[in-house]
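Welcome, and please open the model in your viewer with the sequence alongside. We will go from one selection to the next and look at what is there.

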Amino acid sequence: MPPAFPRTAAAALLLIACGVADAATVRSVEIHGLDDPMTENVRVSLSLVDAIGKDVAGRRLAYLVREAEDETREALEPFGYYSPQITVERNRGDGGLDVVITVDPGEPVRVRNADIAIVGAGGRDRYLRQDLGKFQPNTGDVFNHALYEASKTRITRRLAERGYFDADFASHRVEVTRADNAADIDLVWTSGDRYDMGPIDFEQTPKRVVRERLLRKLVYWKQGQYYHQGRLDRLRESLVALDYFSRIDIQPYPEKAVDGEVPIEVTLTPAKRDVYTAGLSYGTESGPGVRLGLERRYVNTRGHKALAQLDYAQKRKTLTLQYRIPAFAWLDGWYTASLQFADEQTDYIDTRRVEFVASRSGQYNRHLNLVAALHVLRERWAYVDEDDGDPDTPTAYRYATFTYPSLTAEYVDVDSKMFPRRGIGGSLTLRGGVEGAGSDASFTQLHARASWFKGLGERNRLIVRGEIGHTFTDALTAMPPSLRFYAGGDRSIRGYEWREVGPRIGDFSIGAKNVVTTSAEFERYFTDSWGGAVFVDSGSAFDGTDPDWHTGVGVGVRWRSPVGPLRFDIARGLDHPDSPFTIGLSIGAEF
């Protein structure tokens with residue numbers, strides 16, 4: 001026994017020494033022969049990848065290399081490849097190890113038979129039948145696990161959305177025959193009966209701020225009609241639009257159903273009643289200023305709202321008072337009465353304006369909002385250069401009174417209102433007045449704006465904008481400045497100052513009968529929040545039939561802030577060699 005102990009210890013020491021001698025640092029793991037999604041899935045599945053940059057003992061390294069083949073094989077199965085040919089090579093050098101995995105995926109497994117059905121009342125639901133028809137993968141398709149799971153989840157979710165709360169799987173099996181490269185799908189749901197909409201209960205906590213009768217007007221279905229999650233989603237959107245509540249929780253309780261009717265409980269947490277806003281402003285024409293605002297979300301239990309805003313700058317001042325009443329007849333929306341006082345005394349114009357607007361807004365559908373309004377306008381104005389700037393010459397003011405109706409349609413169909421990457425948005429306004437019927441001149445005016453958004457890859461975006469407006473009138477000189485068209489500025493033709501482009505008195509624009517502008521902008525985001533942009537804008541405001549086109553180009557910085565996109569632009573007009581650079585800063589919606 002004494003001689004055996006030294007021999008055993010020596011053997012152990014020899015094995016340890018051999019392990020240390022075979023230790024190596026894994027420098028890289030390369031995967032060849034697969035497309036990008038499969039390569040990425042293999043990489044995240046390999047234990048070898050976790051060892052990159054580490055010193056690994058010989059035995060552990062040998063184990064990881066052996067496991068690499070099985071891990072690669074399992075990582076390919078979700079894509080439908082069950083019989084790949086895999087070669088794992090180790091290349092040693094300078095104390096490091098490079099591993100190269102070469103894969104021939106071989107023939108994929110395809111769906112041979114697909115028995116996919118819904119048994120029960122749901123099988124007669126035409127919308128669920130359409131979902132079954134879109135199930136992927138279908139017979140003959142590669143058996144892609146991700147597509148299969150997504151389709152299965154979509155139908156399970158749709159059953160719940162459409163009120164089949166008792167739905168369950170009657171059969172849920174996939175058999176893969178490797179020898180035949182075939183997969184047989186057996187997937188059957190039993191839907192049970194469809195539930196109906198039950199009684200709805202509103203609870204405002206910790207206190208009631210609006211009458212329940214007002215909230216019940218938003219419930220457009222009747223108790224006993226079929227259940228659909230979309231009804232609750234629409235109710236949520238209507239409650240959000242009221243802006244009374246900071247939290248909205250809508251819960252169906254199918255387990256409490258009576259006679260197949262699901263009770264709905266809506267729990268509402270009131271938002272802060274008063275919203276105060278304050279800020280500083282500066283404009284090259286208006287000078288420095290302050291902006292103050294007070295909004296009362298709910299004036300009384302009938303849900304009325306009130307708003308006061310003051311924009312007080314050195315040369316331009318605006319006070320707006322607004323009162324809104326919720327409206328539900330025909331279309332959900334608001335009755336609004338607003339009164340605005342405006343005073344502007346810049347280097348070229350002296351104008352004061354009082355305007356009263358009574359309007360009715362309504363949401364026609366999820367994309368289209370309509371506004372019908374009646375305007376009563378009284379305006380006084382004078383252009384400084386008409387008096388040659390002589391301070392001793394009395395100012396010759398012009399006066400105008402206009403009473404006219406308007407109709408505005410606003411359309412937005414985008415994937416995200418905060419940062420759209422796909423879709424369109426815009427507005428169309430028609431307004432007009434008749435001389436002798438509350439207006440000093442007859443006119444009809446059309447004004448349209450549109451924006452188109454297109455995502456290019458994960459971090460790029462293309463934005464195309466357009467604007468067109470025309471005034472039908474034989475008395476343009478009687479039209480006050482607020483009813484004329486202008487071009488130039490941050491939301492028009494960048495590279496030119498606000499209202500710089502168009503008919504002029506001296507160096508200043510006086511507004512025009514027509515306007516046409518276009519813009520193309522390309523954005524590239526370098527992080528999730530920060531990016532840059534290049535753009536070209538062109539257009540004109542003009543009276544005749546031949547627009548005097550002005551074009552500006554520039555670059556900008558973009559920040560996706562929590563309150564909306566912030567845009568900082570530097571631009572220059574191309575129509576005059578000595579045109580200065582302009583700087584623009586804007587934030588908020590891009591439509």
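Patches here are made of residues with over 30% relative accessible area and no salt bridge, with like charges joined within 9 Å and nonpolar side chains (Val, Leu, Ile, Met, Phe, Trp, Tyr) joined within 5 Å. A salt bridge is a side-chain nitrogen of Lys or Arg within 4 Å of a carboxyl oxygen of Asp or Glu, and accessible areas come from the Shrake-Rupley method with a 1.4 Å probe, where for residues only the protein chains shown count as cover.

This is a predicted model, in which local features need pLDDT of at least 70 and side-chain atom pairs count only at pLDDT 80 or more, while totals for chains, interfaces and linings use all residues. Residues are numbered from 1 along each chain as its sequence is written, and side-chain values use heavy atoms, without hydrogens and water.

Now select L456, F522, W530, V534, V555, V557, W559, F568, I570, F581, I583 and L585: together they make a nonpolar surface patch of about 1100 Å². Two or more of its residues come from each of β25, β26, β27 (564-573) and β28 (581-587); strands are DSSP runs (E, at least two residues), numbered from the N terminus.

Next, pick V555 in strand β26. V555 is partly exposed, at 46% relative accessible area (buried is under 20%, exposed over 50%, partly exposed in between).

Move on to β25, residues 530-542: 10 of its 13 residues are buried, so the strand is largely enclosed by the rest of the structure. Which strands flank G531? Y525 stands opposite G531 in β25, and R558 is the bridge partner of G531 in β26.

Finally, show the neighbours of β25 (strands pair if DSSP finds at least two bridges between them). β24 (residues 514-525) runs antiparallel to β25, joined by 12 bridges, and the two form a hairpin with four residues between them. Strand β26 (residues 550-561) is also antiparallel to β25, with 10 bridges.

Conventions: Buried means under 20% relative accessible area, exposed over 50%, partly exposed in between (1.4 Å probe, protein chains only).
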